Each structure stands twice: as structure tokens, then as C-alpha cells.
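Here is a short report for a first look at this structure. Keep the sequence and the 3D view at hand.

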Amino acid sequence: MAMKRKNDVNVRKSATFAGFTARAVMCIAAGLLVLSFLSILVNPAKIWVMTLFGLLFIPLFTVNVVLFFWALKRRSRSAFIPLVAVLPSLFFVGSYFQFAGNDEEPSGEKVKVVSYNVGRFMNGKGVGGRYGREECIDSVMRFLDRQKADIICLQEFYIQDINDLRAFLSKRMKKYGYEYYLYTGKSGSYGNITLSRFAAKDKGVIKFDNSANLAIYTDYQIDDDRIRVYNCHFESYNISPSGLLRSVLGRDREKIKKAEDKMIRGISRRPKQVNRVLDHIGHSEYDSFVCGDFNDTPMSYTYYKMSKGREDSFRESGKGFAATFSLLWPMIRIDYVLYPERFQALSHITYRKPFSDHYPVVTEIEL
């Protein structure tokens with residue numbers, strides 16, 4: 001009898017410990033998800049680690065959903081912990097996934113916009129790359145030609161000799177005017193190019209301090225609308241995910257430290273670059289489109305600031321997953337087309353093309 005009583009006590013202790021551990025795991029997962037919500041409000045130049053919580057939004061959301069159903073199955077009252085954490089996610093998940101697009105028919109003038117980080121046409125030399133540079137260039141240009149877009153914003157465009165640029169674009173994109181700013185180095189020239197079927201009325205460049213990243217802007221007159229298009233490429237992390245993984249597995253502390261420093265530097269620079277562009281927009285009298293590679297997810301200070309007062313073409317008319325970074329699909333979305341609130345997105349497609357580590361974003365906007 002005494003032995004049975006002792007066993008019952010041990011079972012109760014084990015159940016209590018398991019229940020406490022489960023609740024602790026739920027509280028930690030919920031707390032981390034809440035931090036990912038807060039990441040959009042905190043300037044990472046002041047607290048850089050908040051950006052990491054934003055990057056982990058999808059995994060943290062998934063973990064909390066799994067914990068909720070696990071607790072529900074066990075009829076545990078602790079199910080309210082992940083449930084409370086997940087509910088605010090409903091406001092943010094739409095930036096990553098949409099069930100249905102926009103079925104409305106256009107009633108006015110519409111423009112087709114493409115934003116594409118072509119990755120210096122280097123996919124053939126990267127991890128998982130399947131094409132050489134020349135084949136990448138040819139494939140990308142043929143893809144762009146088939147789109148018949150009105151405005152095309154390219155980031156990390158590369159050409160070996162900048163003196164060949166005009167001849168190249170005149171041959172491959174015959175019906176387009178173009179504005180660009182490229183940095184020139186020993187291995188070639190790279191930067192941003194904006195192509196359009198509309199004649200440019202004004203143009204300019206916004207350079208960022210201590211950075212090879214930049215934004216260019218171009219004004220167009222479309223019927224009665226004068227619009228300004230910002231083609232942005234904000235600071236990247238400047239690290240290779242595969243290289244970082246190899247360093248971690250090999251316990252190479254020096255390379256891990258260098259990767260950490262690069263990441264912190266990129267995270268700290270982006271807010272300043274965003275503020276430069278926003279200040280420029282604030283001094284413009286025209287409605288502004290903001291396109292490009294933000295190198296930040298929708299759960300970020302960058303996206304929160306840039307999308308204020310503008311609509312997101314994917315949220316308004318996308319369908320399925322919105323991820324644009326191929327190496328971590330479907331978790332990472334960093335390429336956008338944002339447009340003035342008085343306009344309307346009719347469609348949004350993210351094409352999973354293998355010619356860059358980014359996927360092109362194509363959207364139609366009714367003016």
C-alpha cells in the first residue's frame with residue numbers, strides 16, 4: 001500500500017513538472033512572438049537585436065500555432081497562452097500570405113510595374129546557381145521583355161563596361177527610356193536602373209553614407225497624374241547564409257564574429273537610409289511609388305516606416321506566398337512595390353525565376 005502511494009506521488013510530481021515545463025515553453029514562445037510584433041516600432045539603429053525577432057516572425061508564429069493545437073488536443077487550459085500571442089498575428093500574416101487576389105476590373109488608367117533585384121547576374125556562381133552570368137543576363141532581359149511593363153525598377157544591375165550600357169539597353173529594351181546610377185569598380189559597374197515607356201520629367205539619386213547602396217528617383221507624367229518612382233536598394237546583411245552555416249558547423253569563431261559585425265552594421269545603417277528617402281519624399285509635391293529591395297521583412301522598422309501612407313501591392317491584390325528571397329523561401333519577403341493610397345492594385349505576382357537570389361515582383365496599379 002505504501003509502495004502504491006509512493007508511486008502515485010511520483011506520477012503527480014512528474015505530471016506537475018511536465019505541465020510546468022509545457023507552460024514555460026509556451027510563455028517563452030509567446031514572449032518571443034510579441035517581441036517580433038514590437039520590432040516594427042523599435043529603431044534597430046538603437047537596439048539592433050530587435051530586427052532578428054522580426055526576421056523570425058514566421059517560425060515563431062508557426063511554433064505558437066503548433067503549441068496551441070497541442071494544448072487544445074490535451075484539453076489544457078494553457079492553450080490560452082499561444083492563442084493570445086497568435087491573435088495579433090492576424091494583422092501581419094497578410095503581408096506574407098494571401099488567400100485571394102483582387103478580382104475587380106480596372107475602370108481607369110493602369111500601369112504595370114516590375115521590381116527585380118537581379119543580383120549582378122551572379123546566380124550561376126552562387127550556392128545553388130544553375131546559370132552562368134551571360135545566360136543569366138539573357139534570361140533576365142527576355143523575362144523583362146515578355147512582361148511588357150510600363151515601369152521597371154532593377155537593383156544590383158551589372159555591366160562590365162559602363163560605356164556599353166546605353167548600347168546594351170537600346171538593343172535589349174528598345175521601347176524604354178532609362179535612368180540609372182551605377183558605381184564603377186575594377187570588376188565592373190553595378191547599381192540601380194529604372195526603365196519606363198513614359199518619358200522622364202525629372203530624375204535624381206540619393207546616395208547613402210559609407211555604402212554602395214542607393215536610391216534613384218524618376219518623375220513621369222501619366223495622363224493627368226504626375227508621379228515619382230523611387231527605386232531603392234537598402235543596406236544588405238552582406239553575409240552568405242551558406243558560408244555562415246559552414247562557419248558555425250566548423251566552429252570558426254573568427255568568421256562567425258565577422259558575420260555578426262556585418263549583420264549589425266547592415267541593421268544599423270538601414271534606418272538612416274530609410275529616413276533619407278522618407279525626408280526626400282516629404283519634400284516632393286508628387287505622389288510617390290516606392291519600389292525595390294528593402295533587405296527587410298514586413299515585420300521590420302524599415303517596412304513599417306516606408307509603408308506608412310502607402311499601400312502594399314501584395315496585401316491588396318496578391319495570392320499565395322509573397323516571399324521574394326529564394327534561399328529562404330517561403331519565409332523571407334524583402335522586395336516590394338508600395339504605391340499611393342488613392343490608387344488601387346489590380347494584381348500582384350511573384351515569379352519564382354532562378355536567375356537571381358531574388359524573385360521579381362510584378363504588379364498592375366490602377367491610377
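## Overview

A residue counts as buried when its relative accessible area is under 20%, and as exposed when that area is over 50%; anything in between is partly exposed. By that rule, 49% of the 367 residues of the chain are buried. The model is a predicted one.

The chain holds 10 helices and 14 strands. It exposes about 19,000 Å², and carbon and sulfur atoms supply 55% of that area. How far apart in sequence are the residues that touch? Take the contacts between residues at least 6 apart in sequence: 70% of them join residues at least 24 apart.

## The largest nonpolar core

The largest nonpolar core contains 27 residues. Tyr-116, Leu-144, Ile-152, Phe-157 and Leu-195 have the most contacts inside it. Six elements are listed as each supplying at least two residues of this core: strand S2 (110-117), helix H5 (133-147), strand S3 (151-159), helix H6 (165-172), strand S4 (177-185) and strand S5 (188-196). H5 gives the largest share, six residues.

Ile-152 shows how this part of the chain is joined up. Neighbours within four places in sequence aside, Ile-152 is in contact with Val-114, Leu-144, Met-173, Tyr-176, Ile-193, Thr-194 and Leu-195.

## The second largest pocket

Rolling a probe the size of a water molecule over the atoms shows where empty space is left. The second largest pocket has a volume of about 240 Å³. Its lining is made of 15 residues. Which of them lie nearest the centre? They are Ser-95, Tyr-303, Tyr-304, Ser-307 and Arg-315.

Helix H9 (301-306), strand S10 (310-312) and helix H10 (313-317) each give two or more residues to this lining. S10 gives the most, with three. By type, the lining of the second largest pocket has seven nonpolar residues, two polar and six charged.

## Two residues with positive phi

Most residues other than glycine have a negative phi. Lys-148 is not a glycine, yet its phi is positive, about 55°. Lys-148 sits in the loop between H5 and S3.

Asn-295 also has a positive phi, near 55°, and is a residue other than glycine. Its place is in the loop between strand S9 (287-293) and H9. Is Asn-295 buried or exposed? Its relative accessibility is 8%, so Asn-295 counts as buried.

Lys-203 belongs to strand S6 (residues 200-207). Its relative accessibility is 52%, and therefore Lys-203 counts as exposed. Lys-203 and Tyr-217 are 14 residues apart along the chain, and their C-alpha atoms are separated by 5.5 Å. Leaving aside neighbours within four places in sequence, Lys-203 is in contact with Glu-179, Tyr-217 and Thr-218.

Where is Tyr-351 placed? Tyr-351 lies in the loop between strand S13 (344-350) and strand S14 (361-366). With a relative accessible area of 25%, Tyr-351 is partly exposed. Its C-alpha atom is separated by 7.8 Å from that of Val-362, 11 residues apart along the chain. Beyond neighbours within four places in sequence, Tyr-351 is in contact with Phe-143, Gln-147, Tyr-359, Pro-360 and Val-362.

How values were computed
Residues numbered from 1 in each chain as written. Predicted model: local features only at pLDDT ≥ 70, side-chain atom pairs only at ≥ 80, totals over all residues. Heavy atoms only, no water. Helix = DSSP H or I, 4+ residues; strand = E, 2+ residues; numbered from the N terminus. Buried < 20%, exposed > 50% of the residue type's maximum accessible area, 1.4 Å probe, protein only. Contact = heavy atoms within 4.5 Å. Areas by Shrake-Rupley, 256 points an atom, 1.4 Å probe, with all protein chains shown as cover. Core = buried A, V, L, I, M, F, W, Y, C linked by side-chain atoms within 4.5 Å. 1 Å grid on protein atoms, 1.4 Å probe; cavity = no way out; pocket = protein on both sides within 12 Å on 5 of 7 lines; lining within 4 Å. Points joined across faces, edges and corners; volume = space filled by probe spheres on them. Nonpolar A, V, L, I, M, F, W, Y, C, P; charged D, E, K, R; others polar.
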